[in-house]
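Reader: I would like to go through this chain step by step, with the cut-off behind each term stated where the term comes up. Could we begin once the sequence and structure are in view?

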Amino acid sequence: MKFVEVFKGAVRPVAVVMTLIAVTPAALAQQPSAAAMATAKEIIKVTGATMLFDPLIPGVIAQAKNLFLQQDPSLSKDLNEIASKLRTDLAPRFDELTNEVAKLYATHFTEKELKDVLAFYNTPVGMKLITEQPKIGEEGLKFAQEWANNLTDQVIAKMRDELKKRGHAL
């Protein structure tokens, strides 16, 4: 159940961002070249940029399955079979995500810039960045969460003190 909650929290922002980016006038006006798209797809492959999207299709299927199970738990066997088939049937649609991300890269960077980015990622320091960036991001998020929790405690304490000074019994 926790996976579904985490998944729901991650999917909605990704879907909103992808939708907003996809329909912006700049995205509609500029059609990247085939060479830019190919380089962008190579960057995606090298960096693993679509790994964030790996749980999307299975997660959407699991979410839909759970909606039906909540209404009628006896549907479990059939829903498991249907979900398995849907995962197979929908797997090719993952390419839609890859293509859209490639298009985003190709509309935000020139072809030369994309080649430079790809060249960088193929250097030792670029490969290290690919490896270390998720760890840094995770550690940064953990720190930010702890920092925000501490700040919340401080703000609550200050508000409580101020309210008491103003005669409110808490």
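Reader: In which helix does V101 lie?
Author: This is a predicted model, in which local features need pLDDT of at least 70 and side-chain atom pairs count only at pLDDT 80 or more, while totals for chains, interfaces and linings use all residues. Residues are numbered from 1 along each chain as its sequence is written, and side-chain values use heavy atoms, with hydrogens and water left out. Helices are DSSP runs of H or I with at least four residues, strands are runs of E with at least two, and both are numbered from the N terminus. On that numbering, V101 lies in helix α6.

Reader: Is V101 buried or exposed?
Author: Buried means under 20% relative accessible area, exposed means over 50%, and partly exposed is in between, with a 1.4 Å probe and protein chains only. The relative accessibility of V101 is 9%, so V101 counts as buried.

Reader: What distance separates the C-alpha atoms of V101 and A49?
Author: Along the chain, V101 and A49 are 52 residues apart. The separation of their C-alpha atoms is 8.4 Å.

Reader: Which residues in α6 meet α3?
Author: Contact means heavy atoms within 4.5 Å. From α3, the residues taking part are A36, M37, A40, K41, I43 and I44. Their counterparts in α6 are T98, N99, V101, A102, K103, Y105 and A106.

Reader: Why is the pair of Y105 and F109 stacked?
Author: Rings of Phe, Tyr and Trp (its six-membered ring) pair if their centres lie within 6.5 Å, and planes under 30 degrees apart count as stacked, over 60 as edge-to-face and the rest as tilted. The ring centres of Y105 and F109 are 6.4 Å apart. The pair is stacked because the ring planes of Y105 and F109 lie at 25°.

Reader: What is the relative accessible area of Y121, which pairs with F120?
Author: F120 and Y121 form a tilted aromatic pair, with 5.5 Å centre to centre and 55° between the planes. F120 is partly exposed at 34% relative accessibility. Y121 is buried, with a relative accessible area of 16%.

Reader: Which percentage of the residues of the chain count as buried?
Author: The chain has 170 residues. Of these, the share that count as buried is 19%.
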